[in-house]
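Trainee: I have a new structure open. How do I start reading it?
Mentor: Take one feature at a time, general idea before the case.

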Amino acid sequence: MLACHDWSRLTAAERAALLRRPAQRDAAEVERAVAAIIADVRARGDAALADYTRRFDGVAPAALLVGDQEFAAAEAALPRAAHAALDAAIANVTRFHAAQRLAPLALETAPGVRCERLEVPIAAVGLYVPAGSAPLPSAAIMSAVPAALAGCPTRVLCTPPRPDGGADPAVLVAARRCGVGRVYKVGGAQAIAALAYGTATIPKVDKICGPGNAYVTAAKLQVARDPEGAALDLPAGPSEVLVIADHTARAAFVAADLLAQAEHDPAAQVILVTTSAALAAAVVAEVARQQATLSRRAITARALEASRAIVVADLETAFEVSNAYAPEHLLLEIEAPRAWLGRVSAAGSVFLGHWSPEPLGDYCSGTNHVLPTYGYARAFSGLALADFTKRITVQELTPAGLQALGPVAATLAGLEGLDGHAQAVALRLAALAPP
């Protein structure tokens, strides 16, 4: 159950241990297992994928690629309300991400020196959609929408098969609505390896996007370190949330917000940081009450083993704790939350006030729910349109521009001892000199 701690009574070492993520404890074992899977997929291709699918998913699909009949059956299987909800979510996510387009950039940095920046789509992207204990059609939307807006020519999606050998119908409908034509029924680290290096069935991509468990995240990091592999969007592993709450918060709301993330994964972590000991006690009781009503209470129970309620002296300390932890999701259930937004320096996505529950960000507000975990929010941002494009810079100099700026480059080349650099400039300056 959710354990309470008084921050002021803890040593520095105890505080660091309190904020440690559970998934990091077996990181070395995960790294070794993932490295072996990647090597096997590179060596045996589709045969290795079939073996791992039988081993981890307990099924052997007749084909990895989803066919037209399965897409049609998925459309027919979903009720009208589900179609409407997917369409509403896609519309909001599209609006928010379309607004992220950058205007063309071109300017003269000096007379006769023109610099530009071009945005071009990444040629081939792989989209990963988890489906372990629960299918996530929302994850398909979050990566497929910006990939389509960016104009990536090749967009393929991998998702684990269900026990019947098919892909989740809602994931298929979301993928098709977002313009993804090729969906493969394979999951886990083996799917990441297939996307990074290609097999006879699955094409190699240049970048892999989407969330996943600790094994998927480790696989993305490993293939991104390999020049022959594929880049990654960001480390997005097991879900996590940190709630900062004061005396104005409702215990029932806070407990529900914590449980909403705990039900994702046994390795998820949820943390309450509050200035009110009374609220902390009420939330602990409310978590116990609400958890008993949930269908995934076995999963939430395991996640709660590594979860915390921390009582602090004031909101200043609360934000220090939050920034040290750098949560994937940060909920500010406090009085005047916007006034405190400037204190947030490390978080994937922030939810302001008592009426902004995190599931709205997961599904349909418009922001992206593929967010950095493990504390990577200190340096990484959530998935965005820019993750599906490359920025290419251009420069063009007139003869006059070169005559004015070339000596600067030649001097700097001399400072660095790079006479070849200086010569590339000097030869042109000499050609422009009057006879």
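Mentor: Start with pairing: two strands count as paired if DSSP finds at least two bridges between them. Keep in mind that this is a predicted model.

Trainee: Which residue in strand 12 is the bridge partner of isoleucine 244?
Mentor: Leucine 332 is that partner. The two strands involved are strand 9 (residues 240-245) and strand 12 (residues 329-333). They run parallel, joined by five bridges.

Trainee: In what order do the strands of the open sheet come?
Mentor: Read across the sheet: 1-11-10-9-12-13. That makes six strands, with parallel pairing. At the edges sit strand 1 (3-6) and strand 13 (349-352), each pairing on one side only. From one strand to the next, the twist averages 20°.

Trainee: Which strands does helix 10 lie across?
Mentor: Helix 10 (residues 251-262) lies across strand 9, strand 10 (269-274) and strand 12. Its direction is at about 170° to strand 9.

Trainee: Now the helices. Which residues of helix 5 are buried?
Mentor: Buried means under 20% relative accessible area. In helix 5, that applies to His83, Leu86, Ala89, Ile90, Val93 and His97.

Trainee: Why do they line one face of the helix?
Mentor: Look down the axis of helix 5: the buried residues fall within an arc of 130°, so they line one face. On the other side, Arg80, Ala81 and Arg95 are exposed. The cover over the buried residues includes helix 4, helix 6, helix 7 and helix 14 (358-363).

Trainee: How many residues does helix 5 have, and what is its reach?
Mentor: Helix 5 has 19 residues. From first C-alpha to last it reaches 27 Å, close to the 27 Å expected at 1.5 Å a residue.

Trainee: What about the nonpolar core? How many residues are in the largest one?
Mentor: The general idea comes first: in soluble globular proteins, nonpolar side chains tend to be buried together. Here the largest nonpolar core has 39 residues. Leu127, Ile141, Leu157, Val183 and Phe388 have the most contacts inside it.

Trainee: Which elements give two or more residues to this core?
Mentor: They are helix 4 (68-77), helix 5 (80-98), strand 4 (124-128), helix 6 (137-150) and helix 7 (169-177). Helix 6 supplies the largest share, eight residues. Apart from this core lies another, of 31 residues, including Leu64, Cys158, Ala189 and Ala218.

Trainee: What is isoleucine 141 in contact with?
Mentor: Set aside its neighbours within four places in sequence. Isoleucine 141 then touches Leu86, Ala89, Ile90, Val93, Pro146, Ala174 and Cys178. Leu86, Ala89, Ile90 and Val93 are among the buried residues of helix 5.

Definitions and conventions
Residues numbered from 1 in each chain as written. Predicted model: local features only at pLDDT ≥ 70, side-chain atom pairs only at ≥ 80, totals over all residues. Heavy atoms only, no water. Core = buried A, V, L, I, M, F, W, Y, C linked by side-chain atoms within 4.5 Å. Buried < 20%, exposed > 50% of the residue type's maximum accessible area, 1.4 Å probe, protein only. Helix = DSSP H or I, 4+ residues; strand = E, 2+ residues; numbered from the N terminus. Contact = heavy atoms within 4.5 Å. Axes fitted to C-alpha atoms, helices over the stretch in contact; angles between N-to-C directions. Expected span 1.5 Å × (residues − 1). Arc of directions from axis to C-beta.
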